[in-house]
Amino acid sequence: MLDTNEEKKPTHNGVFPSSRFSIAPMLDWTDRHCRYFHRLLTKETLLYTEMVTTGAIIHGKGDFLAYNEEEHPVALQLGGSNPQDLATCAKLAAERGYDEINLNVGCPSDRVQNGRFGACLMAEPVLVAECIAAMRDVVDIPVTVKTRIGIDDQDSYEFLTDFVRIVSEKGGCEQFTIHARKAWLSGLSPKENREIPPLDYPRAYQIKQDFAHLNIGVNGGIKTLDESLEHLAHLDGVMVGREAYQNPYLLAHVDQTIFGLDTPVKKRRQVVEEMYPYIEQQLAKGAYLGHITRHMLGLFQNMPGARQWRRYISENAHKPGSGIEVVQAALAKIPQELDV
Ligand SMILES: Cc1cc2nc3c(=O)[nH]c(=O)nc-3n(C[C@H](O)[C@H](O)[C@H](O)COP(=O)(O)O)c2cc1C
C-alpha cells in the first residue's frame, strides 16, 4: 500500500492531481503485472487498467477487477453503453477501491462497435451523458471519459464541442482525455487508427480554452517528458501509451520532471531487483514468469546489453518452471560496469 495514498484523494474538480500524467489503458498490455512494474518506476503517475467490458464483469467467470494494492492511484477503464450495467460495474469497482472510473469512447475495433461502445459512442453524446450520470449517481470517485477528436466524417470542431458540452452538462463529467486524432470506424484496423489519422493537438488545447472549468488531458504520439511539459502548458493532463510501454524507463523521471518531487531517480537494475519479491509471490500463486517479464523487455532500451536482456528473457521465461533465476541471468547480460 502506498503510504502517501491519503494525500491522493481527489482535490481539484473531484479529479486526481495524478491525472497530470497517466499511462494509457492498453488491452493486453497494461495488466496488473505491468501496472505493478510501472508503479515501481513512478509513484505519482495515474495508471489505467486495460478496458474491461461490463459484460465480462457482470457475466464473466473470473475476477476482472483484481489489482494489486500497490497500484494506487489506479483507474478502471470500462467498455459499455448500458447505463445500468455501467453503474453496476462502477459501484463494484468503487467498492474494490479503484480511484477513478473511465469510460472508453475511443476504441474503434469492430468487436467493440458490435457491442455499441468505444469510439462509435461519440455519435451518441446523450447516451454517453446518461452513462456517466448513472455511474456518478452510485460512486463518489471521479467518472471520466477517454475520447477521440472525431469519427469518420464527423470531425468538425463543433462535433467535438457538442460532445464535450453534452457529456459535461448533462452527464456531469469533469474530466476528458482526448486522443488527438479521429478514428475511422471502418476501413482501418485499431492499429492503423492509432497511426494514420493525423494528430491535432491544437484542437484539444482549444477545448481547454472553451471549457476552462473542465479537466482536459491529451493523448496520442507523446514520446518524451519535454513534449509532455509543452502540452501541460496548455492542458491539465498528459496520457502516454505506447512509449511508456515500450520504453518504460521514461517513467523513472516522471515524479521529478512532471510532479516536481525531489526523490532520487531509480536505476534500472534497482527496479528489476525490486520486482523479485513480486515475481516470487506471483509464481507461488501459479502465474507464469513470461506473463510478468514481457512487460519488462524494454527497460534497458538503447543501453549496451539491451538486446541480450530481451533475448534471454524471451527465450527462457516461457519455459515451464522458469523462475527468478531467468531474470537474474538476463540482468547479468547488462555489463557490470554500467551504472544504469
Ligand atoms: C496494444 C494497445 C491496446 C490498447 N487498448 C486500449 C484500451 O483498452 N482502451 C483505450 O481506451 N485505448 C486503448 N489503446 C489506445 C491507447 O490508450 C492510446 O489512446 C493510443 O495508443 C495513443 O496513445 P500513444 O500514442 O501514446 O500510444 C490501446 C493501444 C495499444 C497500443
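Before looking for the site, I noted what counts as a pocket: on a 1 Å grid over the protein atoms alone, it is an open set of points with protein on both sides within 12 Å along at least five of seven lines. With that in hand, I found that the ligand takes up the space of the largest pocket.

I reminded myself that this is a predicted model. I checked confidence next: the protein chain has an average pLDDT of 94, and 95% of the residues score at least 70. Residues 1-8 fall below 50, and I counted 14 contacts in the model for this stretch beyond near neighbours in sequence. Where pLDDT is low, the predicted coordinates should not be read in detail.

Which residues come nearest to the ligand? I listed L27, Q77, N219, G221 and R242, out of 17 residues around the ligand. By type, the shell splits into seven nonpolar, seven polar and three charged residues.

In the side chain of Q77, an N or O atom lies 2.7 Å from a nitrogen atom of the ligand. P25 uses its backbone: one of its N or O atoms there is 2.8 Å from a ligand oxygen atom. For H179, I noted a polar side-chain atom 3.4 Å from an oxygen atom of the ligand.

How much of the ligand does the protein bury? Taken alone, the ligand exposes 610 Å², and the protein buries 92% of that.

How values were computed:
Residues are numbered from 1 along each chain as its sequence is written. This is a predicted model: local features need pLDDT of at least 70, side-chain atom pairs count only at pLDDT 80 or more; totals for chains, interfaces and linings use all residues. Side-chain values use heavy atoms; hydrogens and water are left out. A residue is near a molecule or strand if one of its heavy atoms lies within 4 Å of it. A polar contact is a pair of N or O atoms within 3.5 Å; within protein, one must be able to donate a hydrogen and the other to accept it, and residues adjacent in sequence count only if both atoms are side-chain atoms. Accessible areas come from the Shrake-Rupley method with a 1.4 Å probe; for residues, only the protein chains shown count as cover. On a 1 Å grid over the protein atoms alone, a cavity is a set of points where a 1.4 Å probe fits but cannot get out, and a pocket is an open set with protein on both sides within 12 Å along at least five of seven lines; lining residues have an atom within 4 Å of a point. A molecule sits in a cavity or pocket if more than half of its atoms lie within 2 Å of its grid points. Ala, Val, Leu, Ile, Met, Phe, Trp, Tyr, Cys and Pro count as nonpolar, Asp, Glu, Lys and Arg as charged, and the others, Gly among them, as polar. pLDDT is the predictor's confidence in each residue, from 0 to 100. Contact means heavy atoms within 4.5 Å.
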